Amino acid sequence: MIDARPHVLHDHYDVVVAGGGPAGLGAALAAREAGAERVLVVDRETEAGGILLQCIHAGFGLHHFGEELTGPEYAQRVLEAALDGGVDVLTDAYLLDVGADRAVKLLSGEHGVATLDTRAAVLAMGARERTRSAIRIPGERPAGVFTAGLAQRLVNLHGVLPGRRVAILGSGDIGLIMARRLTLEGVEVAGVFELLPHANGLTRNVVQCLHDFDIPLHLSTTVIGIDGRDRVERVTVAPVDDHRRPLPDRAWDVACDTLLVSVGLIPENELSRQLRLRLDPVTQGPVVTSAMETSRDGVFACGNVVHIHDLVDFVSAEATLAGHHAGLFAAGRHPRADNVRLQPATNVAYCVPHTISTEREHTVYLRVRNPLERCVLRLSTPDGVVVHERKLRYVVPPEMVNLRLRPAVLADFHGDALQVEVLAR
Amino acid sequence: MTAAGHDVAIIGGGVVGCALAHELTRHRIDVTLLERATEVGFGTSKANSGIIHGGHHASPTTLKGRLEWIGNQRWGDLCDELGFGFARVGELTVALSEADLPTLDHLVEQAEAKGVPGVERWDRDRVLAAEPNLTTDVVAAVHGPTTAVINPYEACFGLAEQAVHQGLVLRTDCPVLGLARNGDTWVIRTPAGPVHARYVLNAAGVFADAVATMAGVGDFTIRPRKGEEYLLDKRLAGLVHRVIYPCPTPTTKGTLVIPTYDGTIMIGPTADLVDDPDDVTTSADGADRVLAAARRLVPGISDRDVIAQFAGVRAVLDSEDFLIGPTAAPGFVNVAGIQSPGLTAAPAIAELVVDLLRAQGLELAPAAGPAPPLPRPVHFASLPTEDQRALAERDPRYRRIVCRCEFVTEGEVLDAIDRGARTLDGLKFRTRTGMGRCQGGFCTSRCMELLAHDQGAPLSAVTKRGGGSWLVLERDEVQGPGPDTGGAP
């Protein structure tokens, strides 16, 4: 990759971006393009690009670049674009503190402890994986229990393998990708076990990573125990009832030396909490306006720190929006306030952004709670007057729904709240 | 070592064995410690609640009751000498009904009888003013100011490190396979060959009965009693300021809500008899019970807050008291049945055993002078900005963060490796890498690299906690043909 570290750190920046993955790099470039003079991206790793760098499989970029790229290729493109656009990318650096007055303290491998201030900030810290402990799998605590992303890093960046025979809990995309990756490396994948009655990753990943390799997917099944004193020796799995409670009478043992856990991502919002941003209890990310501005003026957010995306392409779109408005804010142009709150209702887990303006065009991202076929996405007033409807062929929780909203659609709407529902037709 | 071997061999490197080693090496004698695990403190001690009990919980009529209060008074100085964290946070034993009030009275009386200062009854308003997140069901509480929190594994590392500086021969990965007398010397059989010593201290914890049996004096049985603990996310720091105890039952102090030295909240432990002294499994049922009991004290605790779980096994005798003393086998001394308040009492146990050995005829002349204190490990995150700046300026190793959740620098990791960390867990217990909310998701591979580099070995040589706890394999170690993808599109 490119050695991009700036050798001079300024005392003042127009925009500081926390995180150098696709969200942060995209936002930084957009901020520059919106007129911000000095834009600094701070990233913890020695190379910018974020988790994409360990995602050596293809399937990225179809929407954003119109061609299929690997993760590192996608990262390379957004990094080069940011650098060409005049963004400073400081890697091997860690944001220690972002004060309410936007005084920034950081620790850098090159510069040591440094303090600077910024007019605007963009939070793009990404997400972390839920762990075995977070879902409280009982049993022993041997070596050999990895989150799928850590296993991916060990295999793809360090060139080692997590074990000889692997069970995977959770059918999230990283787990599916790792099932294929490990199979290709000669590791036996004993099966993928999913608590929910449906796969939790993209359909294309279920097909390309499991079906094509004859890896069994056990739905409505979970791991209820881990055995092995020093190293995993077996896991116990059991089907679950309609309330997702395990049925131990029907449990069986799966011999394996490794358990990969792929049970979802959690937005990495420690900095957001430090800034006392308003958080959405469902997304666990900040509440944002249609300009991707958080509850604190001049603090913007984008990417997985706001909500977990299935595709990096949509992260890039969101990043452009956040960076653009951060750049404008730094130039003293505060985005016009939104006038409509979006309220997730029937079968909608959440909507991002949380508010919109009837005067601008928006893309609203939402995630459903349950799968439905032949359904309709409906916007209505809180007292039930339908404002807009769009037919959908199917919805599933792992696939985000994008709703393009043009001002014309809301021309006759004058309220301050809209319910968002996805209903059977 | 003299020609005849060591003066004293300690079997077991938990907090008791480490305290014995530390106390004995203050004298001019030759001491060895045999620990079956790869590092000290890796057995029951690492799963201890980390509370230095106030001194008033156990009855003065018991040995553990007498040693509890003496031990409590030793820890402050030990922590100064050994450079690990210690905070006298105090405690509240909480009554949730009128029926609990006699228990509170009993605790106050016991404190008076034992001379534990400052233990007093607080009324409901005072309790809730001091701990606003406690349940409003609280009727009254007893406040004890002498209770403290430490990290039990840090205590083990510190005690052992200082003892090694003072001449301790530390043998890890060294399980005891057999014991025999040869003249007036014990011969301890280990996988690494025989170890000779005049005196043997049996501090083998849950295996003390088995070790006593090897010495021919197996006249007691250890009943393993498991305790599960659950660690909560750091954002709950400050939820409680003192250790919160429910009113105790005859066998357990109950499920506590503990503000650990590191600022996280820990809840537990359970108290369940188990058959296997190595049974450190956690259970769905245990989690439910701990959460329910903790919520009775602090209703704001949620199961979503749990970031880690673990269990340890207490070594319990039918007497429910410590068993410390010589046996029918000459020179073989039991230091057994050290259940709660064993961590608290450990320094007092060590002093008692030194007196016992002296009475047995072991000459114990004090060492030339007091050992110089161990340097306190750097804890970058808690330094003031100016000190961080100066340290990062001086030493670039402190400019790089390895563990983002607990904010641990590479310098701290390398320091820990220099001071004896050999495994991923050893690193975790010394520096908190991987102990935070991501549970090592981000830092594990870097920690493995640093350990492997130090050991001049590949990543696949690094273990979680020694023995068979390997973490990864080299590609060529994974046998078997690749998949048949001929039919795939």
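## Where two domains meet

One salt bridge is found across the interface of domain 1 of chain A and domain 3 of chain A. The model is a predicted one.

About 1200 Å² is buried between domain 1 of chain A and domain 3 of chain A. Carbon and sulfur atoms give 57% of that area. Eight residue pairs are in polar contact across this interface. Arg367(A) and Asp310(A) form a salt bridge, and their closest N and O atoms are 2.6 Å apart.

## The nonpolar cores

The largest nonpolar core has 68 residues. Among its members, Val15(A), Leu40(A), Leu106(A), Val122(A) and Leu123(A) touch the most others. Helix H7 (residues 312-330) of chain A gives the most to this core, with eight residues. Domain 1 (12-128 + 266-330) and domain 3 (340-424) of chain A each supply at least three residues to this core. In soluble globular proteins, nonpolar side chains tend to be buried together.

What does Leu123(A) touch, leaving aside residues up to four places away in sequence? The list includes Ala18(A), Leu271(A), Ser272(A), Leu275(A) and Leu277(A). Val299(A), Phe300(A), Ala301(A), Cys302(A) and Val305(A) are also on it.

## Chain A against chain B

The two chains also meet. In this contact, 59 residues of chain A touch 61 residues of chain B. The area buried between chain A and chain B is about 4900 Å². Carbon and sulfur atoms give 53% of it. On the chain A side, Val113(A), Arg136(A) and Arg141(A) lose the most area to chain B. Together they make up 15% of what that side buries.

Nine salt bridges are found between chain A and chain B, along with 23 residue pairs in polar contact. One salt bridge joins the side chains of Asp303(B) and Arg136(A), at 3.3 Å from N to O.

## Charged pairs and a network

Over all chains, the structure holds 58 salt bridges. Side chains of opposite charge can pair when their charged atoms come close. Glu268(A) forms a salt bridge with Arg404(B), with the closest N and O atoms 3.4 Å apart. Why does this pair join two chains? Glu268(A) lies in the loop between strand E19 (265-267) and helix H6 (270-274) of chain A, while Arg404(B) lies in the loop between strand E20 (401-403) and strand E21 (408-409) of chain B. Glu268(A) is buried, at 5% relative accessible area. Arg404(B) is buried as well, at 13%.

Asp233(B) has two partners here. Its side chain meets that of Arg235(B) in a salt bridge of 3.6 Å, N to O. Its side chain also meets that of Arg437(B), at 2.8 Å. Asp233(B) lies in the loop between strand E12 (223-232) and strand E13 (243-246) of chain B, and Arg437(B) in the loop between helix H11 (424-431) and helix H12 (444-455), so the pair ties together parts that are 204 residues apart in sequence. Asp233(B) is buried, at 4% relative accessibility. Arg437(B) is buried at 14%, whereas Arg235(B) is partly exposed at 41%.

These pairs belong to a wider picture. A network of salt bridges links residues including Glu268(A), Arg404(B), Asp233(B), Arg235(B) and Arg437(B). Glu45(A), Arg128(A), Arg153(A), Glu270(A), Arg273(A) and Asp305(B) are in this network too.

## Backbone details

A cis peptide bond joins Val352(A) and Pro353(A), with omega about 0°. Pro353(A) sits in the loop between strand E22 (348-352) and strand E23 (355-356) of chain A. In chain B, the peptide bond from Gly268(B) to Pro269(B) is cis, with omega near -5°. Pro269(B) is in the loop between strand E15 (265-268) and strand E16 (272-273) of chain B.

Arg244(A) is not a glycine, yet its phi is positive, near 65°. Arg244(A) lies in the loop between strand E16 (234-239) and strand E17 (252-255) of chain A, and is partly exposed at 49% relative accessibility. Asn347(A), also not a glycine, has a positive phi of about 60°. Asn347(A) is buried, with a relative accessible area of 12%.

Terms used
Residues numbered from 1 in each chain as written. Chains lettered and ligands numbered in written order. Predicted model: local features only at pLDDT ≥ 70, side-chain atom pairs only at ≥ 80, totals over all residues. Heavy atoms only, no water. Core = buried A, V, L, I, M, F, W, Y, C linked by side-chain atoms within 4.5 Å. Buried < 20%, exposed > 50% of the residue type's maximum accessible area, 1.4 Å probe, protein only. Helix = DSSP H or I, 4+ residues; strand = E, 2+ residues; numbered from the N terminus. Domains from an automatic or database assignment. Contact = heavy atoms within 4.5 Å. Buried area = accessible area lost by both parts, 1.4 Å probe. Salt bridge = Lys/Arg side-chain N within 4 Å of Asp/Glu carboxyl O. Polar contact = N/O pair within 3.5 Å; in protein donor to acceptor, adjacent residues only side chain to side chain.
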